[in-house]
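Good morning, colleagues. Please keep the sequence and the model in view while I go through the confidence, the packing and one loop.

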Amino acid sequence: MSRSVKLFAVAILAIPTALVPAQDLGSLLRGQSLPNKMKAADLGEDMRAVKIVHEKQGGNDFFSGLMNPMMMILGAFGRGSEMSEGAAADPDQAAGLAFFDRMGISWTNGSTIKLYDQDFLVTYSVQFNMAEIMKEKNPPDLSKYDLSLTLINTKHITAITPRTDMTKEEWLKPLGPAKGGSEDRAQTMSNAKQLSLAMIMYSADYDDELPYVQSTKGAFEVAYPYMKSKETTKSLNPSGAKFLLNMAVAGVNLSSIDSPSETVLFYEDKAWPDGTRVVSFIDGHVKRLNPDEWERAKATLSLKLPRQSKPLPATLGSTWDGT
C-alpha cells in the first residue's frame, strides 16, 4: 500500500498524534479490506456524499471554514477575486465556488473501524495540493481525481450533513473551464474591436464608404482580408449570440453619419446571462451595454442614411463558414 497516503486525521481531523505514529495506513489497517484509493466511478451504490463537522472546527466543516480566504484566491483561476452582488450569475465565480464546495465533500456508507481503541468513520475524499491548484487557470476536474481513504475519529464528529444534491453521476460531471466567463467576455470584446477596425480599414481603401453588402456574412467576406483570422467574427457568448452588422450603415459614407460614437456598427443578437451585450460603434470603440443602454443604441439600426456606393452581389458571403 502506498506510503503517500498518510493518516490525514493526524492534523486535520483532531486525532491525538501521540496515538497515531507517522506511518502509512497499510500497517495500521493490516487485515482490513479497505482500498487505499478508489475511482469516483467505482463508488458503491451504498456510498453517500456528506459534509462532516467536528468539534475542533468551531462548528464548521473544514472547508466551509476556509471559504472566506478561498474567496480571495478565486483569482488563481485567472478570474476576479472579489465576491460581489450577483456573483452567482458569474460563470467564473460559480465554477470556482462549486469547486471549493466539492472540496469539503466526503463519501461514506457509514461503516467504522477501530484503531487504538477508538472508532473511526471510514470515508473517501479528494486530497489536494493547493499550491498546484493555484497554478491552474480553471478549477480542476474533480471527476478525474482519485478518492483517498480518510478516517475520522467519531468521538469528535458533531454533525454529518447528507448532500442529497450530490450523486455519483453529478460528481462525475466535469466542472470544466467556465463558459461565458471573464476570458470569454474579454475575447468577445477583442473580436468585436478587430472586426470593427477591419471594416474601418476597408472603408479607408474605398473613399470612406462602408461596403454595401446585403448580409452580415457579406460584410465578413469583404472585411476578411483586414482580419487576423475568421475567429474574429465570432462571439463567445454562452447564449449562442452572433455578431450582426447594422444594415442601416451598409453602403454609407462615414461623413454622412452625424454621431459615429453612438451609431452601432456590429452588435450581438442575444444578450449574455447578465443581460449585457457586446456592441461596436462606427468610431471603432466597443462597449458592453446593459439593457437600458442597448434600448437606446438599437435605435440606430433604423437610421435612414444615404447610400452612396453600389450594392454588392446578394450572394456575397453565401459560402462563408466562419472556420
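Residues are numbered from 1 along each chain as its sequence is written, and side-chain values use heavy atoms, with hydrogens and water left out.

For the protein, the average pLDDT is 78, and 71% of the residues score at least 70. Residues 1–24 have a pLDDT below 50, with 52 contacts in the model beyond near neighbours in sequence. Where pLDDT is low, the predicted coordinates should not be read in detail.

Turning to the overall make-up, the protein has nine helices and 11 strands; these are DSSP runs numbered from the N terminus, helices being H or I of at least four residues and strands E of at least two. Of the 323 residues, 45% are buried, where buried means under 20% relative accessible area, exposed over 50%, and partly exposed in between, with a 1.4 Å probe and protein chains only. Among contacts between residues at least 6 apart in sequence, 71% join residues at least 24 apart.

Which residues touch the most other members of the largest nonpolar core? They are Met-199, Leu-245, Val-249, Leu-265 and Phe-266, in a core of 26 residues. Such a core is a set of buried Ala, Val, Leu, Ile, Met, Phe, Trp, Tyr and Cys residues joined through side-chain atoms within 4.5 Å. Helix 7, helix 8, strand 8 and strand 9 each give two or more residues to this core, and the largest share, five residues, comes from helix 7. Leaving aside residues up to four places away in sequence, Leu-245 touches Met-199, Val-213, Thr-216, Ala-219, Leu-265, Phe-266 and Tyr-267. A second, separate core of 23 residues includes Ile-105, Val-126, Leu-147 and Leu-151.

Helix 8, residues 216–223, is mostly covered, with six of its eight residues buried. Those six are Thr-216, Gly-218, Ala-219, Phe-220, Val-222 and Ala-223. Their cover includes helix 7 (182–205), strand 8 (243–245) and strand 9 (264–268).

How do helix 7 and helix 8 cross, and at what angle? Their axes come within 9 Å and cross at roughly 70°, the axes being lines fitted to C-alpha atoms over the stretch in contact, with angles from 0 to 180 degrees between N-to-C directions. Helix 7 is therefore roughly perpendicular to helix 8, a label that covers 65 to 115 degrees. The crossing is left-handed: the near helix is turned anticlockwise from the far one by less than a right angle. At this meeting, Leu-195, Ala-198, Met-199 and Tyr-202 of helix 7 face Ala-219, Phe-220, Val-222 and Ala-223 of helix 8 in contact.

Finally, the loop between helix 7 and helix 8 holds Asp-207 and Asp-208. Asp-207 has a positive phi of about 55° although it is not a glycine, and Asp-207 is exposed, with a relative accessible area of 67%. Asp-208 also has a positive phi, near 65°, but Asp-208 is partly exposed, at 39%.

Key
This is a predicted model: local features need pLDDT of at least 70, side-chain atom pairs count only at pLDDT 80 or more; totals for chains, interfaces and linings use all residues. pLDDT is the predictor's confidence in each residue, from 0 to 100. Contact means heavy atoms within 4.5 Å. Angles under 35 degrees count as roughly parallel, over 145 as roughly antiparallel, 65 to 115 as roughly perpendicular and the rest as oblique.
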